[in-house]
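Okay, thanks for coming, everyone.

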Amino acid sequence: MRYVKNIFTTACAAATLLALSSCAASGDSPDHDPQGSAPTGHAQRPPHGGHAQPSLDVEANPLPLPVQKYLLTPSKMSGIRPATTILVNACLRQRNVPPIKQTTSAASHQSYPDPYEVGRRYGPIVKADILTYGYHLPPAWFGGTTASPKISAQQEAAMNGPSGCLAVARRELIGNRSLDSPVARQISSKSFMESLKDPKVKAVTADWSACMAKKGYSYTGPLQALSKADLRSSKPSARELRIAAADYSCKASTNLISTWQKVEIKIQDKEIAKHLSVLEKANAQRAQIMAEADKIIDQGG
C-alpha cells in the first residue's frame, strides 16, 4: 500500500536547513464511479480517557497522539530556517560573498504541513476540506510561503562542502546536538503499522468497507481509497469529491477514527514508557536549539 509505505519514509520536514518540503501520495484513479452520496450526520465524540480524543467531525487539528510531543515537526522547525540564513549570511560576508537576499525576521516564520499532526494519518477526516478538496491537499497545508531565494554560483560554492557556510551555520546552531528523534519516528511508524494488524482496527475497517460497498464503492480500507485517488491533477474531479464524501460519511457512521486512534495511543504509550529518557533528552536538546534560533532571529544576526 503506497500510502502506508510513504507516510513514514520521512516527516516531510527539514529536507535541508534552508528548505522545507511537503509530500503527497499519488496513485491510480478508482475504477468504479457510481453516483456517490454526500456525508450525512455527525459523529459522536468518543469517551474521555487518559488522552484527549477529537470529534470525528474533525475541525480540531492536530490529532492528539502521544508521540507528537517528541517528534520533529515542521512547526517546530519554523525558526531554524531564518536563523540558519542569518548565520549563513554572516559567514558569506566574512568570505566577501554577497549574502542571500531573504527575509530573516520573526515575520518569516512559516507554517508548514505536518504529516504527523494534521488530519491525514488515517486518510482525510476534516469535513470542510473533504467536501472542497476531496483527497487533494488543502492550500492551508502549505501555510504562508516565501519565494525561494536565487543563489548565484559564487554563493553556492561558498555554501557547500564540509567547510562551506551551510556546514558552518549548522555547527554554530546545532553542534553535536540533535534536532530529530529517531526513536520518536520509530514509535510513530511502529504504532501505525501495528495498529493495522489490531483486531479492533481490522473490524472497524471491515465495517467502513461494507459501508462504502453500500454506496457503490469497493475499497478494503480508507488508505486504499486515498492511495487510488488521482492527485496528479491540480484540483479534484467531481468523481473524487463523491468518493471522498462517501469515505467521510462511512468514517463517521462506523466511528473508525476514534477506534483506530485509541489503538495507536495504547501502543505509543507503551513504547514511550520504554524509551522515555531518550525521548526527553532529545526534546531538551531541541528546545535549546530552538531557543538559540529565536535569539539569533531577535538579534537579527
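Predicted model: local features only at pLDDT ≥ 70, side-chain atom pairs only at ≥ 80, totals over all residues.

Residues are numbered from 1 along each chain as its sequence is written, and side-chain values use heavy atoms, with hydrogens and water left out.

What is Cys165 joined to? Its disulfide partner is Cys91, at 2.1 Å from S to S; a disulfide is a pair of cysteine sulfur atoms within 2.5 Å. Cys91 sits in helix α2 (residues 80–94) and Cys165 in helix α5 (residues 165–173), so this pair ties together parts that are 74 residues apart in sequence. Helices, by the way, are DSSP runs of H or I, at least four residues, numbered from the N terminus. Cys91 is buried too, at 4%. The link is left-handed, with -75° about the S-S bond.

How many disulfides does a search of the whole structure find? Two. The other one joins Cys211 to Cys250, again with S to S at 2.1 Å. Cys211 is in helix α7 (residues 199–214) and Cys250 in helix α9 (residues 238–254), 39 residues apart. Both cysteines are buried. The torsion about this S-S bond is about -80°, so the disulfide is left-handed.

Now let's stay with α7. Its 16 residues should span 22 Å at 1.5 Å a residue, and the end C-alpha atoms are 23 Å apart, which agrees; the expected span is 1.5 Å times one less than the number of residues. The buried residues of α7 include Val204, Trp208 and Cys211. Down the axis, the buried residues fall within an arc of 160°, so they line one face of the helix; that arc is taken from the directions from the helix axis to the C-beta atoms. On the other side, Pro199, Lys202 and Lys214 are exposed.

And what does the buried face pack against? That would be α6 (182–195), α8 (222–227), α9 and α10 (256–274), where contact means heavy atoms within 4.5 Å. Last stop: just after α7, Gly216 takes a positive phi of about 100°.

Note on methods. Helix = DSSP H or I, 4+ residues; strand = E, 2+ residues; numbered from the N terminus. Buried < 20%, exposed > 50% of the residue type's maximum accessible area, 1.4 Å probe, protein only.
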